[in-house]
Amino acid sequence: MKLKVIITGSTGMVGEGVLLECLEDPNVEKILLLNRKSYGISHPKVEEVLHSDFSDISAIKDKLKGYNTCFFCSGVSSIGLSEEEFFKLTHTLTLHVASTLASLNPNMSFSYISGAGTDSTEKGKTMWARVKGKTENDLLKLPFSKVYNFRPGYMHPTPGAKNTLSAYKYIGWSFPILRAIFPKRVSTLKQLAVAMIRASENGFSKNTVEVEDILELSKS
């Protein structure tokens with residue numbers, strides 16, 4: 001199956017990494033970037049739609065039809081945010097976009113970037129993990145063909161990407177050490193992106209995709 005992909009968050013590190021792999025993959029036929037600000041790319045596969053408010057995407061609904069895959073890579077850190085603020089920016093926004101896409105493209109697979117340590121019970125002590133857990137759980141209730149909640153841990157950035165977080169300039173040297181000590185807990189961003197593409201192409205047996213599963217999928 002040729003993939004016609006919507007990517008959110010391509011102006012961030014993870015979304016850009018996913019975009020770069022989609023550009024290289026011959027099975028990705030078409031890419032729509034849904035962004036608040038322009039990524040700045042000219043490519044025959046790519047169209048970009050700019051929209052300032054993801055909490056209301058009714059004005060651009062017609063441009064979102066005809067796609068069979070979404071890689072939802074938008075997200076914010078919980079640092080400095082109240083639970084109410086983080087919930088709005090993480091759960092409410094994600095579910096609004098996802099429910100709109102599900103109504104427009106019922107055969108779509110939806111891949112969500114969550115995080116290692118997410119709390120599926122929604123009852124733990126860690127605020128961000130509870131909110132991410134509820135987001136994952138509620139995505140699974142939507143009428144997509146498949147939902148995959150990816151839970152990456154440490155991700156080594158893609159060389160040459162322009163949106164790599166500055167902190168990685170100082171900690172990137174530790175990746176070979178981390179991989180040697182925790183081989184099933186760290187990955188490259190490239191491996192995550194390839195895993196997302198493969199799951200969308202071929203399916204995967206799990207809805208919750210942990211780092212070990214990401215490594216497995218990226219080899220297929």
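Let's start with helix 3, which is mostly covered: 11 of its 13 residues are buried. Keep in mind that this is a predicted model. Helix 3 runs over residues 127–139. From its first C-alpha to its last, helix 3 reaches 19 Å. That is close to the 18 Å expected at 1.5 Å a residue.

Which residues of helix 3 are buried? Among them are Met127, Ala129, Arg130, Val131 and Lys132. Gly133, Thr135 and Glu136 are buried too.

Serine 114 sits in the loop between strand 5 and helix 3. Buried or exposed? Serine 114 counts as buried, because its relative accessibility is 9%, and buried means under 20%. Its side chain makes a polar contact of 2.7 Å with the side chain of glutamate 136. Leave aside neighbours within four places in sequence, and serine 114 is in contact with Lys132, Glu136, Phe150, Arg151 and Pro152.

Stay in that loop between strand 5 and helix 3, and you find glutamate 122. Look at its backbone. Phi of glutamate 122 is near 65°, a positive value in a residue other than glycine. Most residues other than glycine have a negative phi. Glutamate 122 has 30% relative accessibility, so it counts as partly exposed.

Next, the loop between helix 2 and strand 5. Asparagine 107 lies there. Asparagine 107 counts as exposed because its relative accessibility is 65%, and exposed means over 50%. What does asparagine 107 touch, leaving aside its neighbours within four places in sequence? Asn68 and Ser145. Now compare positions along the chain. Asparagine 107 and glycine 75 are 32 residues apart. Their C-alpha atoms are separated by 24 Å.

Last stop, the surface. Where is there a nonpolar patch? Look at Trp173, Ile177, Ile181 and Phe182, which make a nonpolar surface patch of about 450 Å². Take isoleucine 177 from that group. Isoleucine 177 is found in helix 5, residues 175–181. Isoleucine 177 has 44% relative accessibility, so it counts as partly exposed.

To recap. Helix 3 is mostly covered. Serine 114 joins glutamate 136 through a polar contact. Asparagine 107 is exposed.

Definitions and conventions:
Residues are numbered from 1 along each chain as its sequence is written. This is a predicted model: local features need pLDDT of at least 70, side-chain atom pairs count only at pLDDT 80 or more; totals for chains, interfaces and linings use all residues. Side-chain values use heavy atoms; hydrogens and water are left out. Patches are made of residues with over 30% relative accessible area and no salt bridge: like charges are joined within 9 Å, nonpolar side chains (Val, Leu, Ile, Met, Phe, Trp, Tyr) within 5 Å. Accessible areas come from the Shrake-Rupley method with a 1.4 Å probe; for residues, only the protein chains shown count as cover. A salt bridge is a side-chain nitrogen of Lys or Arg within 4 Å of a carboxyl oxygen of Asp or Glu. Helices (H or I, at least four residues) and strands (E, at least two) are DSSP runs, numbered from the N terminus. Buried means under 20% relative accessible area, exposed over 50%, partly exposed in between (1.4 Å probe, protein chains only). The expected span of a helix is 1.5 Å times one less than its number of residues. Contact means heavy atoms within 4.5 Å. A polar contact is a pair of N or O atoms within 3.5 Å; within protein, one must be able to donate a hydrogen and the other to accept it, and residues adjacent in sequence count only if both atoms are side-chain atoms.
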